[in-house]
Amino acid sequence: MDSKKLAELLFPDITATAEELEEKYPPRNLPEGALITRLGPSPTGFIHLGNLYGAFVDERLAHQSDGVFFLRIEDTDDKRYVEGAIDLIIDSLKFFDINFDEGVGKDGDHGDYGDYTQSHRGDIYAVFAKKLVSEGNAYPCFLTEDEIAIIRAKQEEAKINPGIYGEHALSRDLTYEQVEANIKAGKPYAIRLRSDGNPDSEKAKRIKVFDAIRGELDMPENFQDTIILKGTGIPTYHFAHVVDDHLMRTTHVVRDESWLPSLPIHVELFEKLGWELPIYCHTAQLMKIDENGNKRKLSKRKDPELSLDYYRKKGYHPQAVREYLLTVLNSNFEEWRMENQSADINEFKFTTEKMSSSGALFDLDKLNDVSKDVMLRIPASDIYDFLKDWAEEVAPEYIPMFADREYAEKILDLGRNDAKPRKDLVYAEQIVDFISYFFDDLYKKEDELPAEVSKEDAKVILEKYLEGYDHADDQSTWFDKIRSIGESLGYAGRPKDYKKDPDSYKGHVGHVSTAIRIALMGRAQSPDVWTIQQIMGEDMMHRRITQTVNEL
């Protein structure tokens with residue numbers, strides 16, 4: 001068959017050439033060693049942790065090498081498109097400090113290698129599909145879905161590899177006249193790759209592909225005549241990403257390991273188009289330990305923490321999430337952080353070699369622990385801004401907590417500058433609950449009096465506390481007064497005295513101070529009471545104690 005003639009029959013309106021597109025999208029002028037990466041999410045309306053996980057790898061590889069990181073929208077599956085999904089992708093990733101150098105933006109494309117939306121690039125894909133056909137490396141396939149189903153049923157019965165290839169590719173060797181007749185008859189068709197691979201595993205070639213995470217991969221060659229253009233003219237992912245990554249000059253393709261079985265198809269497409277293969281980085285899937293102690297993949301249906309929206313609504317600081325992801329991504333990050341406790345996270349040299357090739361374990365408890373450390377390094381003023389923005393976006397009922405900036409910052413700094421600093425702040429939802437007792441509208445009694453303190457004693461303790469209270473007392477004088485109140489009521493002035501001889505005392509000074517703590521904060525556990533009172537002010541302290549006395 002005259003392949004060039006066939007190409008003109010199939011693509012009569014495509015006049016641009018591959019050479020012209022190569023000139024339009026030349027190699028980028030970047031420093032030696034600069035990497036070019038991309039994120040290519042589908043606009044399905046669900047942006048998940050896996051997207052952020054991959055985006056973080058992309059962003060680090062590009063930016064620490066003075067390269068380029070761009071956003072491409074892969075929307076060739078129009079059935080999954082959700083209105084507003086692109087803005088959601090951009091906003092969600094920006095929240096986590098993932099910033100693109102070029103690509104799709106809320107105000108249009110930025111950069112010289114667009115259009116960055118695949119559904120807008122139909123003519124570009126057609127140029128290269130036409131090239132493949134003209135060189136005898138692709139052909140029109142007129143098989144219907146019913147015919148393909150019959151072929152697959154026979155393959156299953158014969159227990160051979162399923163798919164369209166070799167003798168099962170019934171359109172592969174049609175003559176030009178047959179193709180022309182089918183088109184004139186209005187038969188729909190797709191464009192398939194004409195693979196050179198051998199489906200016989202004993203005769204098939206092996207290909208070797210370097211993966212930046214997994215090292216050298218040894219895989220059987222592709223033998224499937226996979227579809228590159230659907231009957232609608234829309235490309236498959238296989239074809240679209242190959243064309244786009246070449247023209248956009250992507251050097252490193254970061255994607256989930258679920259794409260590994262498709263890699264031989266992509267290798268063959270790059271080879272037939274005469275292009276250099278980018279370096280693939282197949283990341284491990286995010287896993288978790290379930291309630292039965294088994295490791296399983298994170299699930300959209302079962303695990304709310306898979307959605308990025310979960311972290312925004314909970315109010316995790318983006319710095320905490322980024323730092324946690326680095327503990328998952330690079331095995332040497334935690335050691336680096338211990339040695340560089342105050343360093344900016346971007347000073348860490350991220351490498352694909354330190355990434356795990358097996359399931360990456362995601363652990364919310366570990367995220368919370370990392371968040372405590374990260375929040376301790378963020379100034380109270382910045383935490384205030386973060387919480388205020390969070391409240392305005394997610395929880396407007398907490399906006400009044402941030403009306404007085406000076407007061408709120410004192411609260412947020414509580415205990416953080418001690419010799420052994422407190423790590424009480426984790427994420428916004430937890431923080432506003434943790435500090436709620438500083439606000440009369442949110443104050444509530446959560447804990448009961450210690451068993452060692454009767455209601456009668458509690459009332460006397462609080463009355464005496466008010467009588468002797470002086471807001472100007474230093475911490476030592478203040479505590480001495482509490483000890484004196486306790487001793488006058490039969491409580492040991494020191495916990496160790498009570499422990500040594502419990503029958504001689506009702507309890508100890510710690511139980512007495514807990515009764516005061518509960519009256520003030522509604523909780524048996526809190527930071528230092530004296531410091532809390534200094535922030536609350538004398539009026540609020542008097543109101544709380546008096547209210548509790550009246551309730552007893």
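Q: Which elements each supply at least two residues of the lining of the largest pocket?
A: Helices (H or I, at least four residues) and strands (E, at least two) are DSSP runs numbered from the N terminus. Here strand S1 (36–39), helix H3 (49–63) and strand S10 (252–256) each supply at least two lining residues of the largest pocket. H3 gives the most, with six residues. The model is a predicted one, in which local features need pLDDT of at least 70 and side-chain atom pairs pLDDT 80 or more, while totals for chains, interfaces and linings use all residues. Residues are numbered from 1 along each chain as its sequence is written, and side-chain values use heavy atoms, without hydrogens and water.

Q: What volume does the largest pocket have, and which residues are closest to its centre?
A: On a 1 Å grid over the protein atoms alone, a pocket is an open set of points with protein on both sides within 12 Å along at least five of seven lines, a cavity is a set where a 1.4 Å probe fits but cannot get out, and lining residues have an atom within 4 Å of a point. Volume is the space filled by probe spheres set on the points, which are joined across faces, edges and corners. The largest pocket has a volume of about 1,300 Å³. It is lined by 46 residues, and Ser42, His48, Asn51, Arg80 and Trp259 are the closest to its centre.

Q: How do the residues of this pocket's lining divide by class?
A: Ala, Val, Leu, Ile, Met, Phe, Trp, Tyr, Cys and Pro count as nonpolar, Asp, Glu, Lys and Arg as charged, and the others, Gly among them, as polar. The lining of the largest pocket has 17 nonpolar, 16 polar and 13 charged residues.

Q: How many cavities of 30 Å³ or more does the structure hold?
A: There are three. The largest cavity contains about 80 Å³ of space. Residues lining this cavity include Ile411, Arg416, Asp424, Phe438 and Pro527. By class, its lining has eight nonpolar, no polar and four charged residues.

Q: At what angle do the axes of H3 and H11 cross?
A: Axes are lines fitted to C-alpha atoms, for helices over the stretch in contact, and angles run from 0 to 180 degrees between N-to-C directions. The axes of H3 and helix H11 (residues 318–329) cross at roughly 85° and come within 11 Å. H3 is therefore roughly perpendicular to H11 (under 35 degrees is roughly parallel, over 145 roughly antiparallel, 65 to 115 roughly perpendicular, the rest oblique). Their contact has nine nonpolar, no polar and three charged residues.
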